[in-house]
Amino acid sequence: MSEPVLSVRGLEVTFIGGGRPVPAVRGVDFDVYPNEVLGIVGESGSGKSVTSLAITGLLPDTARVKGSIRLGDVEMTEADREILRQMRGQDVGMIFQDPATTLNPVFTVGRQVTEGQVAHGQIQALRARERSIELLREVDIPDPDGRVLQYPHQFSGGMRQRAVIAMAMAGRPRLIIADEPTTALDVTVQAQVLSVLAKRQADTGAAVILITHDLGVVAEVAHRVAVMYGGRIVETGPVAEIFKRPRHPYTVGLLQSLPRIDSVDERLVPIPGQPPNPALLPTGCTFHPRCPIGCDRAICRSEEPPLRAVGEVHHSACHYAEEVARLFADAMPSDRIPASVVARAAAAGPPLLAVDGLKVHFPIKAGILRRRVGWVRAVDGVSLTVGPGETVGLVGESGCGKTTTGRAIMGLIKATGGSIRFDGQEVTRLSPGELRKARRHMQYIFQDPYSSLNPIKTVGDIVAEPLHIHGLYEEMGGGARITELFELVGLPRTVLGRYPREFSGGQKQRIGIARALALQPRLLILDEPVAALDVSIQAQIINLLQDLQKELGLAYLFIAHDLSVVRHISDRVAVMYLGRIVEESEKATLYETPVHPYTQSLLSAVPVPDPDARQTRRRIVLEGDIPNPAKPPSGCYFHPRCFRATERCRVEEPAFEPYPGLPTRSACHHAGPLEAVGSRRGASS
Amino acid sequence: MSGGVQRSLDLARRVFARKGALLSILYLAAIALVAMLARWVVPFDPVAQNLMSTLEPPSTAHWFGTDELGRDIMTRVVYGARTSLLTASGAVIIAGTIGVPVGLVAGFFGGWRDAVLMRIVDVLLSLPGILFAMALIAVLGRSQLAALVAVGITGIPSFARITRAQVLSLRKRDFVMAVEALGGSSAYNMFRTVLPNSWSPILVQIVILSSIAILLEAALAFLGVGIPPPTPSWGEMLRTGKSYLYDAPYYAVLPGIVLTLTILSLDTLGRTLAWVLEDRHELAEEAAPDRMVP
C-alpha cells in the first residue's frame, strides 16, 4: 500500500478552563491513504468533530493537544501558524456543515472559489475568473459563466454546498475534511451533493475524511469506517466488514437502533442509556454501562480495552469482540421481516381527524405602506384523514409546508381556507375559547426539545401546567397523576423538582411527551419529534411512542423529513411537495410501488445503511431545488424537476385522485410504477 | 415559588463573586441603611440652623463641616440620601408599572396594539428628559412628588422598549407556543410564561433607571427647580456649595463625592448584572456535550 496522506497517532485533545479539564479525544490512531474515503461515525460528544479540528489546527485556545498528526512530511502539532495556514489552503480542503455560513455573503461566489489559490500565488488574479468557471462546471453547477458573478444568496442550499466543494478542491489538496457536509440539506439535495463529492474525489484522487452521524451516508460513500465513542475509536475496518460483521457492541447497537428504508422491523433495538458526557466518563470501558455483552464483568468496569486486530484490517476495542459476532447474528436476521409482510389492518369507522382542502397563505408585504404584494402558498389544498389509533406519516422536504399543516390543524396558525374536522366537530370556525376546549384531545409535540420546555419551571410544574390551565388538576388526580405520567414515559419520580437544563435531549423529549399526554388526548401531532436526537436515543423515543400508542390507543400525525423513520412508525404515509400532497397510500404500497415521480426520486435518494446496495440500487438524482412557494411553477408544481414531465404538465394542474389497482391516491398526469414508465426516459443513474 | 428563590440565590452568589459589584453593593447598602436610620446615625437636625457656627471646616464634631446656615453637612448628606433613594424608587415604580405592561402587550400581540403603543412611547422618548421634567414641575409646582413623577415618566420608554424586545424574542420560542397548544389563554401565556422569562433585562433596567433618576433629581435641584428647601438634597447642596467653593471647598466637594460614588456603584452593579445574566443564559444551554466545541 502507498504512503498514507495523513497519519494520526495517539491524538489527545483536552479542553481546559471552566473548572476541571474535559477530555474530548483520548488516544486516537488512524491513517488515510490517497484515493480513499474514511468515514468517521459517532454521536454527539464522541469527539469526531474535535478530531477534525485538531487536524486542521483550528481548535480554540482552551484546547490542549497531545500526540502526533503527520500530513505528508509535516508534523502538524509542531508546525507554526504560518505553515498551518499555508497547508490549509494547499494541502487540506475543508467542507463544513452549513454552506450558508461558510460562504462570505458580500463577495461573489466566483471570487471565493479561487480566493485561496490566488492568495497562495498558485494562479494569477487575472486568470481567476476562468478557473472559477472551470471549477463550478466540475461540480455540476448549471450556467457557470453566469453563476460565477453571483452572490451566495442567489444560490440555493445545494448549489452553495457544491460551490464549497469546488472551493475546497480548488487547490487540488491531498486531503479533504468534510464535517457533516449534508446534514443541513434535504435528502434529494444530499444525493446531488454526495454524488458530486464522490465524483470529484475520484477525479482528483484526494483522501477524504467524512465525518457524519448518518450511517446511510457512510455506507453510500465511504471505503473505510472508524466508529468513535467517548473520545476514542472503538472499531475500524472496511465499510462492508463494519456493516456485515461488526465486532463492537456499540456498532451493533447503532445498526440495530436505526430505522431502515429497505426493510421493516417490528421494533427497534435501542442502546439503553445516554451517550457519555466527556466530563464524566465511566471508568474502564466507556461503553460498559450501556453494553449488552459486558454483563457487568469486572474487566469491563476496570480496564479500558485497547484497539486490537480482530481480522486482517479490522480492529475493535472490546474485551469480548469475539462474542459480538453472536450478538449480531442473534439480533439481525431473525428480527428483520420483509417489508411487505408487515401491514396492519386499516382503521375502520369514522376518522378522528379529517382535513379537507386546507389552505394557509401568508401575505408578502412590501414598501413603506406595508401593502400586500403577493401570497406565500405554504399549504395549498391539503386533504388527509387520521383514524382512531392510526399513525399517518406526513413527509416532505424543508419548505414543503408540512409543519405549517400541523400547526394549522392545531389552530396555532390560522387556516386561510378548507375545513378541519376533529371528532366530527368543525374546528376552523370556533371562537378562541371554544377552540381551547376542543383542542384538549389534540396535542402537539415539538421538534426541538431544547426550546419547547419553559426554562424557569421545574419539569414537574411543566407537566402539570396543562392540568392547571384547564382547571383539571385535582379532578385528574393531582400529584399522583403527574408521577404516573413521568412513569409512563420512563422517567423516575425523583426528577420532578429539577429544571429542563439538567436533562439530555432524549429526556427532554420524554418530558414533552408526558406534558402532551397529561390531558388524555386522542390525537398527537408530532412535528419531527426525533430529528434533533442521536440515533441511539431516537430509537428509544420511537419505541416509547409505539408503546404509548398501543397502551393508550392514540392516533398520531407524524410529521418528518426522514423517510426511514416514517416507514418504521406509520400505517399510512402522505408525501408533500410545495404545499400539496402528491401521493398518499398504505405504507407498504407507498414504499414498494410508489407511483408519483417525486415519491420515486425521494425514495431513491435516501442513503441506505448497506454498502452492497451501492452497486445494485438505481438512483434518480433530481435536478435543481424546491421552488419558492411564493412563485410556484405553472401547471404541476413538480414539472421543472420531473423526469416524466411533458407539455401537458406545464399547463395543466393534475388532480389528486385514486390510482387504479392500488390503495393509493396521487396527483400526477403520468403516474405509474417506476419500471413501467421510468425506463422510457434515461433519468436514472 | 421555591424555584424563584433558588434562582435569585444563584444570581446573588454569582454577582457577589465579582469584586467591583460586591463593593458597589456594600456601598449602596450602607447608603440605604444610614438613610433609613438617619435619626440614630447622625446626632444633628438636618434643618435646624445654628448661625453661631457657619461654614466651619471638618472637625470631630462636624465630620463634613457646616454650611452657610450652620447646619451639619454630614447630617444633610445622610438625609439627602433619603431624597435621592425616594426619587429613584418612586421613579422606578412609575416607569416599571407603566412601561413593562405596555411592552408586554405590544410585543405579545403585535399588530395594531404594537403600532399604537410604541408610537406613544416614541413620542415620550422624543422629549428631552430634563426639559420635560422642568416643564412638568412648572405645572405641578416644586415638590418631592413632582420630581419623582417627572423622572418616572421619562423612564417609561426604556422599560417598554426593553420588555417588548425581550417578549418579541420569547414569542417565537417553542415553549410559548407549547402553552398555546395546551390551551392556555393569551393572558395566562403573557403573565405566567413570557413575563417570568423576561426579568433579566428588566432587572438591569431597574438599576440603570435608579442611577439616571438620582442624577436627574440632583440636576433639577442644582438648577433650582428640584425639591424646595429646606429639605436636604445632594443637588441642592452642590448648588449652594458652589458659591463657597473658595472659602469652604468641602461644602460642595464632599456631597459631590458621595453622589459620584452612588452613580458609579449603580452603574457597576447594572453592568455586572447584565453580564452575569447573559452568562447564565449560556449556561442553561450547555447541557448538550457537543456544545463544547465552538
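Helix α11 of chain A, residues 249-257, is mostly covered, since 9 of its 9 residues are buried, where buried requires 20 or more other C-beta atoms within 10 Å of a residue's own, exposed 12 or fewer, and partly exposed a count in between, with C-beta atoms placed from the backbone. Helices here are DSSP runs of H or I with at least four residues, and strands are runs of E with at least two, numbered from the N terminus. This is a predicted model, in which local features need pLDDT of at least 70 and side-chain atom pairs count only at pLDDT 80 or more, while totals for chains, interfaces and linings use all residues. Residues are numbered from 1 along each chain as its sequence is written, and chains are lettered from A and ligands numbered from 1 in the order in which they are written.

**Covered helix and nonpolar core**

- The buried residues of α11(A) include A:Pro249, A:Tyr250, A:Val252, A:Leu254 and A:Leu255, and also A:Thr251, A:Gly253, A:Gln256 and A:Ser257.
- The largest nonpolar core holds 254 residues, a nonpolar core being a set of buried Ala, Val, Leu, Ile, Met, Phe, Trp, Tyr and Cys residues joined through C-beta atoms within 7 Å.
- Helix α4 of chain B, residues 73-109, gives the most to this core, with 16 residues.
- The residues with the most contacts inside the core are A:Ala163, A:Ala166, A:Leu175, A:Val463, A:Leu557, A:Phe558 and A:Val575.
- Once neighbours within four places in sequence are left aside, A:Val575 is in contact with residues that include A:Val395, A:Gly396, A:Ile581, A:His596, A:Tyr598 and A:Leu602, contact meaning that the C-beta atoms of two residues, placed from the backbone, lie within 7 Å.

**Contact between the chains**

- Chain B brings 25 residues to the contact and chain A brings 36 residues.
- On the side of chain B that touches chain A, the elements giving two or more residues are α1 (2-16), α8 (174-181) and α9 (186-194) of chain B, and the largest share, 7 residues, comes from α8(B).
- That side of chain B divides into 15 nonpolar, 5 polar and 5 charged residues, with Ala, Val, Leu, Ile, Met, Phe, Trp, Tyr, Cys and Pro counted as nonpolar, Asp, Glu, Lys and Arg as charged, and the others, Gly among them, as polar.

**Chain B as a whole**

- Chain B has 12 helices and 0 strands, and its C-alpha atoms fill a box of roughly 75 × 45 × 35 Å along the principal axes.
- Of the 294 residues in chain B, 39% are buried.
- Among contacts in chain B between residues at least 6 apart in sequence, 68% join residues at least 24 apart.

**Helix packing in chain B**

- Helix α6 (residues 129-140) and helix α10 (residues 199-222) of chain B pack at an angle of about 60° with axes 11 Å apart, the axes being lines fitted to C-alpha atoms, for helices over the stretch in contact, and the angles running from 0 to 180 degrees between N-to-C directions.
- α6(B) and α10(B) are therefore oblique to each other, given that angles under 35 degrees count as roughly parallel, over 145 as roughly antiparallel, 65 to 115 as roughly perpendicular and the rest as oblique.
- α6(B) passes α10(B) in a right-handed crossing, a crossing being right-handed if the near helix is turned clockwise from the far one by less than a right angle, and left-handed if anticlockwise.
- B:Gly129, B:Ile130 and B:Ala133 of α6(B) meet B:Leu216, B:Ala219 and B:Leu220 of α10(B) in this contact, whose residues divide into 5 nonpolar, 1 polar and no charged.
- Helix α5 (residues 111-126) and helix α7 (residues 144-171) of chain B pack at an angle of about 140° with axes 8 Å apart, so they too are oblique to each other, and their crossing is left-handed.
- The contact of α5(B) with α7(B) is made by B:Val121, B:Leu124 and B:Leu125 on α5(B) and by B:Ile156, B:Pro157, B:Ala160 and B:Arg161 on α7(B), a set of 6 nonpolar, no polar and 1 charged.

**Loop residues with positive phi in chain A**

- A:Asn35, in the loop between β2 (22-32) and β3 (37-41) of chain A, has a positive phi of about 60° although it is not a glycine.
- A:Asn35 counts as partly exposed because it has 14 C-beta neighbours inside 10 Å.
- A:Asp140, in the loop between α5 (128-138) and α6 (144-147) of chain A, has a positive phi near 65° and is partly exposed, with 19 other C-beta atoms within 10 Å.
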